[in-house]
Every structure is written in structure tokens, then in C-alpha cells.
Amino acid sequence: MIAEVFSKVQLEALHQRPYTTPIVAVTGGKGGVGKSTVAVNITAALTALGYSVALVDTNVEAPNDNMLLSLSLDDRVYVQVAMPIVKTNLCTQCGDCIAACRRNALFLPPGQTPILMGECNGCKACINACPTGALLTGWMPVGETFRSESGELTLFTGVLQPGRAESTVIVQALKDRLAAEAARYDVIIVDTATGVHCTVIAALAGATCAYAVTEPTPVGMHDLERILELCRILAIPTQIVLNRSDLGGWQGRLGACEAGTEITLAASIPYDSVLLQSYIKGMPVTQMSPNSSSAHIFAGLAIRIEKECLE
Amino acid sequence: MIIDSETMKYETIKKPAMDAGKGAGIAVAQSVARQGVGTLLTGFVGPKAYSGLQAAGIQIFDGLNTMDVWTALKQHTDRLLLQCSGTNARKGIPDRGHS
Ligand code: SF4
Ligand code: SF4
């Protein structure tokens with residue numbers, strides 16, 4: 001067992017948010033297990049129950065919940081980060097900015113003015129340190145957020161500019177945008193990226209509970225253990241959704257996983273060609289074929305969320 | 001180690017950024033440049049340090065990791081060394097890591 005990563009105070013700070021609307025995170029360590037399918041379908045099932053739902057697609061490197069819902073990306077807002085711009089005529093080459101930058105992103109060649117060379121994180125320490133006002137705040141675009149509406153469903157999508165490293169900044173911008181109107185929704189569903197990295201942590205921050213989607217394969221089980229460990233570290237109550245549950249034959253391992261961590265299996269979704277068709281068509285199965293077995297499973301999950309989080 | 005090529009007097013400086021998580025290369029280049037160094041004889045320079053040293057107009061001769069300082073210096077004064085073209089110091093992708 002890994003030692004506690006966050007103190008109680010740090011955890012409280014991480015989960016702090018300015019609204020009380022429940023947040024249900026849909027996550028899962030492995031890619032391609034159906035996180036987005038599950039997120040989109042429980043969102044649709046919850047709207048069918050009459051709830052007003054915000055779905056937040058934090059897969060900023062390849063967002064596609066809008067495609068699974070056949071929604072266009074509307075209402076674009078650019079996300080930018082600060083960076084220093086040198087006004088060379090005001091610079092006295094004092095070097096204060098170099099000393100202020102903890103990331104050693106600035107370089108001062110002898111007899112010249114500073115050059116931004118390294119990994120600037122936009123903290124502005126250099127700008128504040130400059131005694132002559134030679135450093136101005138410039139803004140570098142790193143991505144966008146979008147807001148799309150369809151009836152009781154509002155989709156928030158974050159998009160990172162390819163080649164940039166600020167995924168977490170985009171997720172944060174997306175959450176800030178949502179926070180401004182979060183109170184008007186009954187529930188917020190957050191679809192996270194694959195993995196257990198900082199972008200996923202930023203997406204999980206503030207979650208009331210989480211569903212870890214996986215599949216019964218060796219890789220699926222391995223990555224599930226990692227995401228369960230992360231959710232334990234973040235103190236988020238987590239249940240499992242087993243997708244393609246009739247595949248592979250690793251269900252036994254899942255039992256061990258459950259027993260060891262007191263985590264429950266919320267739903268098993270067997271392979272279903274109707275679900276696949278809905279995925280291709282870009283329409284939640286709960287809408288496309290409400291009487292299919294998959295639709296019933298998602299409706300059951302929605303009722304479970306209603307009971308556990310919304311009452 | 002810094003050597004004055006006229007007087008052959010030398011002093012050593014500490015590598016400054018051993019504990020800098022980010023931008024260690026740039027910090028090293030900065031401290032070398034601050035000493036008024038004109039030529040650097042070294043084993044290997046990283047991409048960021050290379051850009052910094054270039055910007056400061058410092059000549060770099062690399063690949064000398066198996067050579068002792070005085071042999072390297074002798075070879076340099078005899079003009080036997082090859083200047084670093086930067087291809088060894090593979091260019092990193094500039095980013096703004098947010099981990
Ligand atoms: S904004 Fe921060 S990280 Fe960027 S150069 Fe200035 S001090 Fe360094
Ligand atoms: S702190 Fe300001 S004046 Fe000093 S070197 Fe940096 S930019 Fe120039």
C-alpha cells in the first residue's frame with residue numbers, strides 16, 4: 001500500500017467547490033473500455049428521469065462525447081495562459097526575473113535581454129519581480145472550451161491545442177466555466193480521460209462519487225486496480241462498471257478486487273450489438289432503443305445514482 | 001571548472017541546478033554565461049543548455065567525457081576538437097509542463 005499522498009487539509013482543498021450540485025465522475029484507468037459510452041448513456045438516462053444534467057467532457061486531448069450525442073461544439077471560449085514579454089528598451093539586465101523563475105524558464109545572455117526559453121507555467125513571478133516594468137503579461141492560447149445544449153442536457157467540452165502540455169489548465173477552465181452555472185443543474189457527470197495522471201485528478205476533484213469503467217481482461221483489471229487506488233487516495237467512493245462483461249473470463253479477478261477494497265460492482269454490461277450501433281449512430285442507446293437490454297442497464301444505473309446521490 | 005586561457009589560472013564552480021526540477025539545463029547555461037565564459041569543453045550538453053549557450057554566443061566542444069581536463073584543453077589549443085553542431089544536443093519540444 002502506498003503511503004498517504006495528500007493530507008486531510010490538502011484533500012479538502014482539492015475537493016472544495018463553490019456549489020453543492022452532486023458530481024458523478026465516470027473514469028477507469030484503461031482507454032477504450034467505454035467510459036464515454038457509459039457517461040453519455042447515464043446522462044441520457046438521467047435526463048429521461050426528468051433531471052437537468054451537465055455532462056463535462058474532460059478528455060481534452062481527444063474529446064468526443066459531442067459525437068456520441070450528435071451535438072455540435074457551440075459557444076467557444078479561448079483558454080490562455082500568461083507568459084512574460086520583454087520590453088527590451090526598459091530592461092536594465094539586472095537579472096531579477098531570472099532569479100524569480102523557479103522553473104528556470106528565462107535565460108539572460110550576457111549583454112542582452114531575457115529570452116523565454118524553458119517551460120514557463122504562467123506564474124508571473126518574473127513579471128512581479130522586474131523592478132523597471134520591462135516585463136509585460138502576454139497571453140498564449142492553449143485551447144478552448146465549448147458549451148452545447150440539447151433539452152435538459154448541457155455538454156461542456158474542453159479541447160487542448162495539439163502539441164501543448166496544458167491539459168490540466170483546460171480541465172480547470174472547463175470546471176470554472178461550469179461553476180458559474182452549476183447551481184441550475186440537478187447533477188453533473190464528469191467524463192475523465194484515461195489514466196491516473198494530473199489531468200484525471202483535476203477532473204476527479206470535487207466528485208461526490210465515481211464509477212470506474214473496465215473490461216474483464218488482464219489489462220482492464222490491471223488498470224482498474226490503479227484507478228481504484230487513485231480514487232482511494234482522493235477519498236472518492238467508487239463503484240465498478242464492467243463493460244463487455246461476457247468477454248475474457250477475468251471476472252474472478254474482479255471478485256478479488258471487490259473483496260480487497262470494499263468496492264461494489266454497480267453494473268455489468270454484456271456485449272450488445274445494439275449498443276455498438278448506437279455508438280456508431282451517435283445516439284445514446286437509451287434513446288435509440290429504450291427497450292434494449294443495454295438501455296435497461298443504463299436506466300438502472302441512473303436510478304442507482306438517483307438513490308445514492310440525488311436524494 | 002573555469003580556466004583563464006591566458007594565465008592558465010583556474011577555479012571551479014558548482015553545478016547550480018542539481019535540485020532544480022525544471023530548467024536545469026538553462027540554469028547551468030546561465031551560470032556558465034554569468035562567468036563570462038567564451039568556450040565550453042564538455043562531455044554532453046542537453047537541448048535547453050545548448051540553446052542557452054548558443055544565445056550567449058559560447059562556443060561548445062562536446063563528446064569529451066572520457067578525456068581529462070588538461071588533455072582536452074591541449075587538444076583545443078591545438079585545434080583538434082570538433083565544435084558541437086547541436087545535433088547531439090537533441091532539441092527538446094518546448095512546452096509548459098503542468099504536472
Ligand atoms: S511566468 Fe513564471 S514560469 Fe514563466 S517565465 Fe515567468 S517566472 Fe518563469
Ligand atoms: S527583471 Fe526586468 S530589468 Fe531585470 S533583467 Fe529581467 S526584464 Fe530586465
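Across the interface of chain B and chain A, 2 residue pairs are in polar contact, both at pLDDT 80 or more; a polar contact is a pair of N or O atoms within 3.5 Å, where within protein one must be able to donate a hydrogen and the other to accept it, and residues adjacent in sequence count only if both atoms are side-chain atoms. This is a predicted model, in which local features need pLDDT of at least 70 and side-chain atom pairs count only at pLDDT 80 or more, while totals for chains, interfaces and linings use all residues. Residues are numbered from 1 along each chain as its sequence is written, and side-chain values use heavy atoms, without hydrogens and water.

**Chain B side of the interface**
- Two helices of chain B, α1 (24–34) and α2 (47–55), each supply at least two residues of the side that touches chain A (helices are DSSP runs of H or I, at least four residues, numbered from the N terminus).
- The most comes from α1(B), with 7 residues.
- By class, this side has 9 nonpolar, 7 polar and 5 charged residues (Ala, Val, Leu, Ile, Met, Phe, Trp, Tyr, Cys and Pro count as nonpolar, Asp, Glu, Lys and Arg as charged, the others, Gly among them, as polar).

**Extent and salt bridge**
- Chain B brings 21 residues to the contact and chain A 28 residues (heavy atoms within 4.5 Å).
- There is 1 salt bridge between chain B and chain A (a side-chain nitrogen of Lys or Arg within 4 Å of a carboxyl oxygen of Asp or Glu).
- Lys48(B) forms a salt bridge with Glu119(A), with the closest N and O atoms 4.0 Å apart.

**Ligand 1**
- The residues surrounding ligand 1 include Pro84(A), Cys101(A), Cys120(A), Cys123(A), Lys124(A) and Cys126(A).
- The shell divides into 9 nonpolar, 2 polar and 1 charged residues.

Note on methods
Chains are lettered from A and ligands numbered from 1 in the order in which they are written. A residue is near a molecule or strand if one of its heavy atoms lies within 4 Å of it.
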